Amino acid sequence: MTWQRYFLAFVITAAIFGTAFYITSRLDNARIANIRTTEDSISIDILSSETQFELLGNLDCSTIAQNPVLSDELNTLASQLSVAEANLGVTNPEVIQLKKQYSLLEIKDYILLQNITNKCGTKPVYVLYFYTNNVACDDCTRVADVLTYLRGEYPGLRVYSFDYDLDLSALKTLITLHKVNGQNLPAIIVNNREPVYGPQSLDSMQKLIPELKSLAAATTTSTSTKIR
Amino acid sequence: MDYGALGVYLCLFVALYFEVFLLISYLERKPSLKTAGRPSYYPSIAMLVPCFNEEKTLEHTVESLLALEYPKEKLSIVIIDDGSKDATRAIGERLASEHGQVQFFHKENGGKYTAMNWGITHTESELVGCLDADSFVAADALVEVIKRFESDKAIMAITPAMKVYRPRKMLELMQAVEYTFGIFYKKMFDNLAALNVLPGPFSIYRREVFTSIGLFKHAHNTEDMEIAFRMHANGLKIANAHNAFVYTTVPSTVWALIKQRTRWSQGFLQNSQDYKYMYFNRRFGNFGTLVLPFALVAFFAGIYTAVYALFHALGFVWSKISDLFATRIPPHITTSHLNWFYADTGMMPFLIITVLCGTLAAIFLGQRIALNKQDITLKALVAYFALFGFIAPVWLFRAAWGAALARESKWR
């Protein structure tokens, strides 16, 4: 019996585990970098849109209508953040930092949408969706699933999702402005109406958003870009 | 945090460690190639064929023994009918009348070990072999065994390389892959002097084994395992003749397979209890420090992993059903993101793939050792990887349950 063989087998096995850990970490870091790049890109998009709005502010609104201002990349970012949360955990500092940036971008996008609506009298359909990660919230997941499905069916529907417990002053202000109660999450706010709390089925959600009828339904298969 | 996953990581570590250990052992001492050399001496041998209701295969089994390339005056074939209720007795008597090498005996049913012991005590040959009546040997198998005995005078018993006889159904193909894997690890156990079983199909013993440590015991219906344990306990060496091929018929239905493996697994647990002093005991070499502990850990790791996987699978299905009822979202097709970003690149998939690669490597090395060119097809590999994980947990559970209740396993 050779103890060297036992030891060598242990070293090789440990090395394989170490390699697995290293590769996983590298891929997670690459994911973080990817999300950061997407956020930077969205940030520039929104800044560009804000500038564009100011430039076009005195012009005909039909010109604005021809220039889409809301970045679809926010949707991609949402699903990427979901993956990062699943891999690194919701309490990971990097993930929290990225979520804060994401939430800020959403708020800026939301404000820009309000400005265009006021200026041009457009009738967008948008939902503010508040969820929590602090407790297991199956209803939050289900509401997110319904919203994801609806966004696939109606590409014109804008959904802004927010982690209620995120420590971000701009988000706190938004929560205060809309008087969202964190005890009854999930909460949704449709087109700046009163918050609605609790689980929602597809039918009840469609009743809460009658404006959906004004949006053209998608003709293609929905994508699985998930709302967080 | 998923604490259950920590247990799965531990199981993966143990599985990987064992595979690495065997692969190191393979690289250190690769199995020798088959040679045309002949033994310098042909000892006398009695090949015992214990049988119980084996009318379908007995004749073929005896024919394969008659076809062995071995001096006829040195080889006697002893059929011991253990109280069969079918035509086994008539077939055995006919074979004995037709062939001078064949002897037939009928006795009251008492279990396989009693038939074996009857044969041992009623013969006087230098070697005693056993061939289950549902197995068939290659013509040169006995010569290969004798050559292995000659290579080391300390060897007291030899196991062959077992292959599945004509695998056709998916379940048989699955077992063909499993047996090929077995050829590899048995050879590696031979390298480690830690073979843990002397299977019924064509294990050959020096007669001194029985004179020094006694005859076969009931041993929870796994007398072939217990004798191996007892030999290790008494410092008797067991080896593997990887060029001695024996073909065995395997269960062709799931239930028959589960019953067979429950008997083996439960026998392992109960024999482990009887020989628990050998665990982690350096006095018994790699058998005590590696093979026995690993086999026990593998047993419970199999159960743990199955429970974990079942728990998660049921949880997933339940959550999908309850989501469907709660949200009322109609079934719809969603396109997946074809991007590395969305792939599951956690540690567990990486490690599972590594363990599966190690298993594949062992299967292909087993195939090489066994000179198997046709048995291990892609279909067989698919059958193995698709079925084994679902069926094996069933016999592990049954064996654990039976052992916990100290209930006797069923032979058939």
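Two strands are said to pair if DSSP finds at least two bridges between them, and the views below show a predicted model.

**View 1. Strands β1 and β2 of chain A.** Strand β1 (residues 125–131) of chain A is joined to β2(A) by seven bridges, and the two strands run parallel. Within this part of the model, Tyr126(A) stands opposite Arg158(A), a residue of β2(A).

**View 2. The open sheet of chain A.** Four strands of chain A make up an open sheet with mixed pairing, and their order is β2-β1-β3-β4. Because β2 (157–163) and β4 (196–197) of chain A stand at the edges and each has a single partner strand, one side of each is left without a neighbour in the sheet.

**View 3. The contact between chains A and B.** Chain A contributes 31 residues to the contact, and chain B contributes 28 residues. On the side of chain A that touches chain B, two or more residues come from each of α1 (3–56), α3 (73–88), α5 (138–153) and α7 (202–208), and α1(A) gives the most, with 15 residues. The residues on this side of chain A divide into 16 nonpolar, ten polar and five charged.

**View 4. The largest nonpolar core and another core.** The largest nonpolar core has 116 residues, of which Met47(B), Val49(B), Ile79(B) and Ala141(B) touch the most other members. Helix α6 (residues 170–191) of chain B supplies the largest share of this core, eleven residues. When neighbours within four places in sequence are left aside, Met47(B) is in contact with Leu65(B), Leu75(B), Ile77(B), Val78(B), Gly129(B) and Leu131(B).

How values were computed:
Residues numbered from 1 in each chain as written. Chains lettered and ligands numbered in written order. Predicted model: local features only at pLDDT ≥ 70, side-chain atom pairs only at ≥ 80, totals over all residues. Contact = placed C-beta atoms within 7 Å. Nonpolar A, V, L, I, M, F, W, Y, C, P; charged D, E, K, R; others polar. Core = buried A, V, L, I, M, F, W, Y, C linked by C-beta atoms within 7 Å. Buried ≥ 20, exposed ≤ 12 C-beta atoms within 10 Å, placed from the backbone.
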